[in-house]
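Reader: I've just opened this one and could use a hand. Could you walk me through how to read it?

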Amino acid sequence: MPSASSPMCLLRLSALGDVTHVVPLVRTLQQARPGVELHWVIDKAGHRLLEGLPGVVFHVYDKKSGLAGMRALRRELPATGFAALLQMQVAFRANVLSAFIPARRRIGYDRSRSKDLHGLFINERIPDRPGIHVLDAIGSFCEPLGLKQTTVSWDLATPAEAHDWARAQWDDDGRPVLMISPCSSHARRNWHADRYAAVADHAAARGWRVVLCGGRSELERHTADAILAAMRAPALDLVGRDTLKQLPALLARANLLITPDSGPMHIANAVGTKVLGLHAASNPARSGPYSDRRYCVDRYDAAARRFLRRPAAELKWGTKIEFDGVMDLVTVDDAIAAFERYVADHAG
């Protein structure tokens, strides 16, 4: 393990869920070597979420800036380089970007997870452990340094003013809150607006407050409008009103979040909110909410059998089943049953 005086660099650009998974690794490194100088090459959205993370120097790379941006990044890095680079992204752009980061030890993924010439840019690999969650794979980047991630802890550096904003959005009248974040960045992971509305109406009939959240994209606005139009009960519409810094505070006010495999799923998990995850296109054992998957709907095996003609157990770990219609396999009854599991577990 490099000494506390030896700087280290982490490279993980996206997406929001994955950068959230890196935070426990940061905590592991900091606990093992208090005072270690950590640098993190990250994208703009990830930085907006995690800016202010204690003990981390961020270097923001704009994916649109190409090679010019990579050269500019190199100029802002320490001239002496790093004792180790943890190259936690196998996409070709990230691999090329890593070549601009000077480091003696260049730790990357095992061969089974490598792609896009990843092996040419590293000189050490993490252990090959198929069948583990994405967060545990990221956590294993400390193992070549002689460490083990034995605890998983988050602190997303959410400022007090973000919590103040979240508390101001509705009065706490004692009703539990079902929050809906309906969209993933992968369109084929997204569920149907009328089905969200049916679950929301069920929750409202059980005395819950329903809150919608999401970003400012046209898809998210259109989806939220369709959910609200299909609902019989009222709902609080906060779609497009929060910032990424406010999002963790907003999610923390929910009792239960319903969402597909998405960044808000993992941010909610990090702040302690239970998640009703909707899974068919992706495997919840690999990319579901890390801490608690009791309230997830899992139709991954059904999707594998329908679209790939074999059971999920025969697929390569991490296979995505992103086909048109795959989320049709998740029914309203599935989601209501998951909701009722939460209600039964938290009665009283």
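Author: Let's start with the terms for strands. Two strands pair if DSSP finds at least two bridges between them; strands (E, at least two residues) and helices (H or I, at least four residues) are DSSP runs, numbered from the N terminus. Keep in mind that this is a predicted model: local features need pLDDT of at least 70, side-chain atom pairs count only at pLDDT 80 or more, and totals for chains, interfaces and linings use all residues. Residues are numbered from 1 along each chain as its sequence is written, and side-chain values use heavy atoms, with hydrogens and water left out.

Reader: Which residue is the bridge partner of Ile 107 in S6?

Author: Strands of a sheet pair through backbone hydrogen bonds, either parallel or antiparallel. Here, Ile 107 has Glu 124 in S6 as its bridge partner, and S5 and S6 pair in the parallel sense over two bridges.

Reader: What is the order of the strands in the open sheet?

Author: Six strands pair in parallel in the order S3-S2-S1-S4-S5-S6. Strand S3 (56-60) and S6 stand at the edges with a single partner strand each, so one side of each has no neighbour in the sheet.

Reader: And what joins S4 to S1 and to S5?

Author: Four bridges join S1 to S4, running parallel; there, Cys 9 has Leu 85 in S4 as its bridge partner. Another four join S4 to S5, also parallel, and Ala 84 stands opposite Arg 105 in S5.

Reader: How many residues of S4 are buried?

Author: Buried means under 20% relative accessible area, exposed over 50%, and partly exposed in between (1.4 Å probe, protein chains only). Six of the six residues of S4 are buried, so S4 is largely enclosed by the rest of the structure.

Reader: Is Leu 120 buried or exposed?

Author: Leu 120 counts as exposed because its relative accessibility is 68%. You'll find Leu 120 in the loop between strand S5 (103-108) and strand S6 (124-125).

Reader: How about Asp 62: buried, partly exposed or exposed?

Author: Asp 62 counts as partly exposed, because its relative accessibility is 28%. Asp 62 sits in the loop between S3 and helix H3 (66-76). From C-alpha to C-alpha, Asp 62 and Leu 251 are 27 Å apart in space, and they are 189 residues apart in sequence.
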